[in-house]
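Here are my notes on the model, as numbered points. Have a look at the fold first, then read on.

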Amino acid sequence: MLLGENSPQSCIDKLCVIVEERCIYNWLYKFRSNVSAEDMLYFSSFLVHGYVAVIAKWVQSGMGGSTEEVAMLLYNMGLHSITFLESK
């Protein structure tokens with residue numbers, strides 16, 4: 001399993017890079033006038049690695065709770081994190 005406790009860190013890192021590359025362009029488009037490239041890189045790293053960590057924790061703990069509950073948790077975490085970009 002990609003996000004289980006025996007997952008090689010290189011697989012998790014690769015997953016994070018793929019997700020970051022796909023998401024950062026959307027974030028840059030939405031917040032391009034307010035946010036420096038450096039801040040955007042830090043933000044995307046924080047958010048993507050945080051999402052992957054939450055999903056890995058959910059998998060490792062036996063996936064107690066529905067995928068919808070985890071998705072809503074991640075959505076709310078991301079939504080509140082965006083205030084960092086909006087404050088720039």
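1. Reading from the N terminus, the order is α-α-α-α. Helices here are DSSP runs of H or I with at least four residues, strands are runs of E with at least two, and numbering starts at the N terminus.

2. Before going further, some ground rules. This is a predicted model, where local features need pLDDT of at least 70 and side-chain atom pairs count only at pLDDT 80 or more, while totals for chains, interfaces and linings use all residues. Residues are numbered from 1 along each chain as its sequence is written, and side-chain values use heavy atoms, with hydrogens and water left out.

3. Overall dimensions: along the principal axes, the C-alpha atoms fill a box of roughly 40 × 25 × 15 Å. The accessible surface is about 6,200 Å², and carbon and sulfur atoms hold 61% of that (Shrake-Rupley method, 1.4 Å probe; for residues, only the protein chains shown count as cover). Of the 88 residues, 30% are buried; that means under 20% relative accessible area, with exposed being over 50% and partly exposed in between (1.4 Å probe, protein chains only).

4. Take contacts (heavy atoms within 4.5 Å) between residues at least 6 apart in sequence: 57% of them join residues at least 24 apart.

5. Is Ser44 buried or exposed? Ser44 is buried, because its relative accessible area is 0%. This serine sits in helix α2, residues 37–60. Leaving aside residues up to four places away in sequence, Ser44 touches Glu20, Ile24 and Trp27.

6. Ser36 lies in the loop between α1 (9–31) and α2. With a relative accessibility of 37%, Ser36 counts as partly exposed.

7. On the surface, Met72, Tyr75 and Leu79 form a nonpolar patch, together giving about 330 Å² of accessible area. Patch members need over 30% relative accessible area and no salt bridge; nonpolar side chains (Val, Leu, Ile, Met, Phe, Trp, Tyr) are joined within 5 Å, like charges within 9 Å. A salt bridge puts a side-chain nitrogen of Lys or Arg within 4 Å of a carboxyl oxygen of Asp or Glu. Met72 belongs to helix α3 (residues 67–81) and is partly exposed, at 48% relative accessible area.
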